[in-house]
Amino acid sequence: MKTSAKIALTVASIGIVSFGGLLQSASARQSQHPVAVIPQHDSLAKTPVLKIGSKGSAVAQAQKILKQEGFYKGAINGVFSSEMQSAVVAFQKSERIKPSGVIDSKTQAALR
């Protein structure tokens, strides 16, 4: 083997060893600072507040849950109406949550 080939092979080996050390160092740093990942599967978890006039899948999901629990009698249409507000107030009272008629984080947690 020529000297230049030996030098190139030696340099390549040193680079791999050094690179491997950097990877271990980065892995060690990651394990010292774990990041919590909280999966959010339903659309309610992503919505801060639902109230009269709110529309969308989060409202529809709340309607579905309230209907299953016997509080909401209307259509599952994704529109937060006065009928929906009344259902939310009744649900909040049953859960001993201050009845506001608004689905805030405390009410969202109780709906799950």
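A: Start with a term. A residue counts as buried when its relative accessible area is under 20%, and as exposed when that value is over 50%. Keep in mind that this is a predicted model.

Q: Which residues of helix 3 are buried?

A: In helix 3 the buried residues are M84, A87, V88, F91 and Q92.

Q: How are those residues arranged around the helix axis?

A: The general idea comes first. An α-helix makes a turn every 3.6 residues, so residues three or four places apart point the same way. In this case, the buried residues of helix 3 fall within an arc of 135° when seen down the axis, so they line one face of the helix.

Q: Which exposed residues are on the face turned away from the buried side of helix 3?

A: That face carries the exposed residues S82 and K93.

Q: What covers the buried residues of helix 3?

A: The cover includes helix 2 and helix 4.

Q: How many helices and strands does the protein chain have?

A: The chain has four helices and zero strands. Along the sequence, its pattern reads α-α-α-α.

Q: Which residues of helix 2 are buried, and what covers them?

A: The buried residues of helix 2 are A58, V59, A60, A62, Q63, I65 and L66. Their cover includes helix 3 and helix 4.

Q: What is meant by a nonpolar core, and how many residues does the largest one have?

A: The largest one here has 14 residues. Those with the most contacts inside this core are L50, L66, F80, M84, V88, I103 and L111. The elements that give two or more residues to the core are helix 2 (57-68) and helix 3 (82-94). Helix 2 gives the most, with five residues.

Q: F80 was in that list. Where does F80 lie, and is it buried or exposed?

A: F80 lies in the loop between helix 2 and helix 3. F80 is buried, because its relative accessible area is 2%. A position in a loop has to be read separately from burial.

Q: What is F80 in contact with?

A: Leave aside neighbours within four places in sequence. The contacts of F80 then include L50, K51, I52, V59, V88 and I103. F80 and A62 are 18 residues apart in sequence, and their C-alpha atoms are 9.4 Å apart.

Q: How do I read an aromatic pair?

A: Look at the distance between ring centres, then at the angle between planes. An angle over 60 degrees counts as edge-to-face. The count here is one aromatic pair. The ring centres of F71 and F91 are 5.5 Å apart and their planes stand at 85°, so the pair is edge-to-face. This pair links distant parts of the chain, 20 residues apart: F71 is in the loop between helix 2 and helix 3, and F91 is in helix 3.

Q: What is the relative accessible area of F71, and what is that of F91?

A: F71 has 25% and is partly exposed, whereas F91 has 3% and is buried.

Q: What does T107 show about burial in helix 4?

A: T107 lies in helix 4. T107 counts as buried because its relative accessibility is 0%. Leaving aside neighbours within four places in sequence, T107 is in contact with V88, F91, Q92, I97 and V102.

Q: Where does phi take a positive value after a helix?

A: Helix 2 is followed by G70, with a positive phi near 90°. Just after helix 3, R96 has a positive phi of about 60°. R96 is a residue other than glycine. R96 lies in the loop between helix 3 and helix 4 (105-111), and is exposed, with a relative accessible area of 81%.

Q: How much of the whole chain is buried?

A: Of the 112 residues, 23% count as buried. The chain exposes about 7,900 Å², of which carbon and sulfur atoms supply 59%.

Methods. Residues are numbered from 1 along each chain as its sequence is written. This is a predicted model: local features need pLDDT of at least 70, side-chain atom pairs count only at pLDDT 80 or more; totals for chains, interfaces and linings use all residues. Side-chain values use heavy atoms; hydrogens and water are left out. A nonpolar core is a set of buried Ala, Val, Leu, Ile, Met, Phe, Trp, Tyr and Cys residues joined through side-chain atoms within 4.5 Å. Buried means under 20% relative accessible area, exposed over 50%, partly exposed in between (1.4 Å probe, protein chains only). Rings of Phe, Tyr and Trp (its six-membered ring) pair if their centres lie within 6.5 Å; planes under 30 degrees apart count as stacked, over 60 as edge-to-face and the rest as tilted. Accessible areas come from the Shrake-Rupley method with a 1.4 Å probe; for residues, only the protein chains shown count as cover. Contact means heavy atoms within 4.5 Å. The arc is that of the directions from the helix axis to the C-beta atoms.
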